[in-house]
Amino acid sequence: MKETGKNWMKKAAKMAGYDITHVTRVVPYREVENWLADHDCEQWDALEISAGWKWRGTPWKSYSEMNWPEYDICKDQLDKKFDVIIADNVWEHLEYPYRAARNVYDMLKPGGYFINITPFMIRYHPIPNDCSRWTQLGMVRFLEECGFDPDYIETGGWGNANAVKSNLFRWSRAGWQRRFKNDERFPVTIWAFAQKSLNA
């Protein structure tokens, strides 16, 4: 089968040591990967909301996708419970993020986790909508209102002035960068690990 130009470019970039990952995703992806490495994912049933490419390859017990427009997380739930639900840069696009997070909460098993990565200081990008942004504290309070105990919500954030500027007019790639300095004044991206109560 003939290789497409896009796949060839990806392979060539990888061979050259050039990272095509969007610069705003490098640190949160690393943090999520480290977090998952500390948990027994091979025993987990995982669900990804509007699945991308990143988490399919994790050695889950089972992996499911809930993709729009077939499913709308703002109004739909699957008839199954999950140990972990992942949303990778999805929540900023939702018109009803509270309803969606309540649906996630309901689909989690007791003790299950919601992993949510969202941008903060990043340009408007309606795909098809662009509605919300949260700081770390804002994410904690939002998830608390959706049913999660704030004592069991861990958040992180990353960004710097250069990352903000480099994404104003185009989507900047990590490229050959290996150091990703953080400046708390410029949070480009926020992530959260929220655990549902074992008694829920």
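These legends walk you through a few close-up views of one predicted model. Local features need pLDDT of at least 70 and side-chain atom pairs 80 or more, while totals for chains, interfaces and linings use all residues. Residues are numbered from 1 along each chain as its sequence is written, and side-chain values use heavy atoms, without hydrogens or water.

**View 1. Helix 2 runs from residue 23 to residue 37.** Its 15 residues reach 22 Å from first C-alpha to last, close to the expected 21 Å (1.5 Å times one less than the number of residues). Helices here are DSSP runs of H or I, at least four residues, and strands are runs of E, at least two, numbered from the N terminus. Among the buried residues of helix 2 are V23, Y29 and W35 (buried means under 20% relative accessible area, exposed over 50%, partly exposed in between, with a 1.4 Å probe and protein chains only).

**View 2. A cis peptide bond joins W68 and P69.** Omega is about 10° here, and P69 sits in the loop between strand 3 and strand 4.

**View 3. Another cis peptide bond links I127 to P128.** Its omega is about -5°, and you will find P128 in the loop between strand 5 and helix 4.

**View 4. S50 has a positive phi although it is not a glycine.** The angle is about 50°, in the loop between strand 2 and strand 3. S50 counts as partly exposed because its relative accessibility is 32%.

**View 5. N89 also shows a positive phi, near 55°.** N89 lies in the loop between strand 4 and helix 3, and counts as buried because its relative accessibility is 11%.
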